[in-house]
Amino acid sequence: MKLTPIIEVRDVTYRYPYAEQPALDQISLQMMPNQWIAIVGHNGSGKSTLAKTFNGLIEPQSGEIYFDGQLLTEETVWDVRGQLGIVFQNPDNQFVGATVADDVAFGMENNGIPRDEMLVRVEAALRQVRMWDYRHQEPARLSGGQKQRVALAGVLAQRPKVIILDEATSMLDPQGRSEIIDLMSQLRAAGDFTIISITHDVDEAALADQIFLIDDGHLIMQGAPDEFFAKSDELHDHGLIEPLSEQIRGKLVASGINLSNKYLDENQLVDELWTLHLNM
Amino acid sequence: MDITFEHVDYTYQPNSPLATLGLKDINLTFKSGSYTAIIGQTGSGKSTLLQHLNALIRPSAGRVVIGEQVVTPATKNKELYHLRRRVGLVFQFPESQLFEETVLKDVAFAPKNFGKSEAEANEIARETLRLVGIDEQLEDKMPFDLSGGQMRRVAIAGVLAMQPEVLVLDEPTAGLDPIGREQIMQLFERIHRERGITIILVTHQMDDVVSYADQAVVMAHGEVAKVGTPAEVFADLNWLTAHNLELPSTGRFVQRLQQKGFHFDQMPLTVDELLTAIKPQLKRGAHVG
């Protein structure tokens, strides 16, 4: 049986009011379920606009969105929103609850989930993001990374099929960023849902199963990290840089060192260099 | 204009049960025309230190000497007016402070506030906008109609329009994409070189410290943990890791290679330095042809 894409975008065009250029220009793509997907592109490339079409926050002027095989329409949009959660960029703009636990419960209250069930889910979600000990605290007093973990818990508690992280790490310090990225890796291993991370951090994208590069509202290329990062010229042309391991590999190969001719992540590159070390 | 910290302490909420020491016995010099990077974990005292640089807060003990102006716990606010023009502070996400109806008005606000005529202020604003790469067509737009990267430049232009001698930058590239980051850092480098402006940069981007700064200051628990050139500060990777600091991007790689038996006399801080250090350690057979 053929697998149904969790999200399918067909020929979608969207132009912001008064904008000269469309933010999305006849774009089509398919995302498969239960993967970690990265959407990369420079600021203003259209990547965040694209994500906002997935749950109808933005309604395209033409084209169609399918969520798990279902066409997104005025009738289906509410159902889809229940199955797709978003963590936004700014950790300070997404809190409504007086305590961490209240905040996580908010989305479920809105969806009319019974209280007993809610309590179970709040605890499970907060434990999952390692913030259960902070459940009675005010969200405002947490660090940036902790705030984003709570926001993620709020999304997890809804048991969505898709979690979108819209540049959720870009305002965090290095420690906060690695907390979120570690958590994403664990979630992918544990859960049966799709993670879509919208990012311009190539090191974060390198962890994904599948990467989509967006520019000028078009899909420029897509692939698994090893195919994707092999095309460094393409990345440069669209305002991104390749991961450090690829910069090093590229330069070593150019200077005549006999390394693999494909993308290697840091571990693989260190291993290859080791086998070439004089003392081996 | 040199800036010197002499035995500076800063206490949050003094004389209360909640009193906490924000800074402890800080001794530092920022020479006129230098480029200093301040690094350290969130909560290490970087921002508190920063706010002393144009006397937004005054030390609880010790003194800060900014040019001829001495700032002590007893200094009156009135005496600090001129200082604020000479030291420009760009906060994190400065675009959130844009407020005027048009881009030009926003940038002209500070010079007008410091006594320039409307025509003079507009002239300065135009010049500054060109300097940060904002075209004439954008001058009459609402700041909020611009892209994130453009808004950031306009906000920076607003500070530069005061024509400060010292520019203090708190994570000026946070949230920007790699190319946008590079452009903003190049802009500061150009202003630093061409106009001799002193730069003090707070950052988590260790590669920027390596590329641009001539002095690096490591803050930890409200104290200066280390001062030196970037090469000196990044020489000991284990020390950095022990202080929970990020490494320059080559650092992680170097640590892994060391575990596999590679040897480095000096910590390579750039990709090219790294390659130069690795190549002689590879087998001859490793070279093609």
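# A tour of chains A and B

Start at the interface of domain 1 of chain B and domain 2 of chain B: two residue pairs are in polar contact across it, both at pLDDT 80 or more. A polar contact is a pair of N or O atoms within 3.5 Å; within protein, one must be able to donate a hydrogen and the other to accept it, and residues adjacent in sequence count only if both atoms are side-chain atoms.

This is a predicted model: local features need pLDDT of at least 70, side-chain atom pairs count only at pLDDT 80 or more, and totals for chains, interfaces and linings use all residues. Residues are numbered from 1 along each chain as its sequence is written, chains are lettered from A and ligands numbered from 1 in the order in which they are written, and side-chain values use heavy atoms, with hydrogens and water left out.

## Stop 1: the two domains of chain B

Select residues 3-247 of chain B for domain 1, then 248-282 for domain 2. These bounds come from an automatic or database domain assignment. The C-alpha centres of the two domains of chain B are 33 Å apart. Twelve residues of domain 1 of chain B and nine residues of domain 2 of chain B make the contact, meaning heavy atoms within 4.5 Å.

The two domains of chain B bury about 780 Å² between them, with 68% of it on carbon and sulfur atoms. Buried area is the accessible area (1.4 Å probe) that two parts lose on being put together, summed over both. Now pick B:Val210, B:Leu237 and B:Leu247: in domain 1 of chain B they lose the most area to domain 2 of chain B, together 58% of what that side buries.

How many salt bridges lie between domain 1 and domain 2 of chain B? The count is zero. A salt bridge is a side-chain nitrogen of Lys or Arg within 4 Å of a carboxyl oxygen of Asp or Glu.

Colour α7 (206-212), α8 (230-233) and α9 (237-242) of chain B: these elements give two or more residues to the domain 1 side that touches domain 2 of chain B. Helices (H or I, at least four residues) and strands (E, at least two) are DSSP runs, numbered from the N terminus.

## Stop 2: where chain B meets chain A

Show both chains. Here 33 residues of chain B are in contact with 34 residues of chain A. Chain B and chain A bury about 3200 Å² between them, 64% of it on carbon and sulfur atoms. Select B:Phe253, B:Lys260 and B:Lys283: they supply 19% of the area that chain B buries against chain A, more than any other three residues.

Four salt bridges cross the interface of chain B and chain A. B:Arg256 forms a salt bridge with A:Glu266, with 3.5 Å between the closest N and O atoms. There are also nine residue pairs in polar contact between chain B and chain A, both residues at pLDDT 80 or more.

Next, highlight α6 (178-195), α10 (249-259) and α11 (271-278) of chain B, the elements that give two or more residues to the side touching chain A. The largest share of that side, six residues, comes from α10(B). By class, the side of chain B that touches chain A has 16 nonpolar, nine polar and eight charged residues. Ala, Val, Leu, Ile, Met, Phe, Trp, Tyr, Cys and Pro count as nonpolar, Asp, Glu, Lys and Arg as charged, and the others, Gly among them, as polar.

## Stop 3: salt bridges within the chains

The whole structure has 25 salt bridges over all chains. Zoom to A:Lys147 and A:Asp92, whose side chains meet in a salt bridge (2.5 Å, N to O). A:Lys147 is in helix α5 (residues 144-156) of chain A, and A:Asp92 is in the loop between β6 (84-87) and α3 (100-110) of chain A, 55 residues apart.

A:Asp92 is exposed, at 53%. Buried means under 20% relative accessible area, exposed over 50%, partly exposed in between (1.4 Å probe, protein chains only).

Stay in chain A. A:Arg149 forms a salt bridge with A:Glu179, the closest N and O atoms being 2.6 Å apart. A:Arg149 lies in helix α5 and A:Glu179 in helix α6 (residues 174-190) of chain A, so the pair ties together parts 30 residues apart in sequence. Both A:Arg149 and A:Glu179 are buried.

Switch to chain B. B:Glu139 and B:Arg126 form a salt bridge, with their closest N and O atoms 3.3 Å apart. B:Glu139 is buried, with a relative accessible area of 5%, whereas B:Arg126 is partly exposed at 33% relative accessibility.

## Stop 4: A:Thr194

Finish at A:Thr194, in strand β8 (residues 194-199) of chain A. A:Thr194 is buried, at 0% relative accessibility. A polar atom of the A:Thr194 side chain lies 2.9 Å from the backbone nitrogen of A:Asn34. Leaving aside neighbours within four places in sequence, A:Thr194 is in contact with residues including A:Ile6, A:Met32, A:Ile37 and A:Val162.
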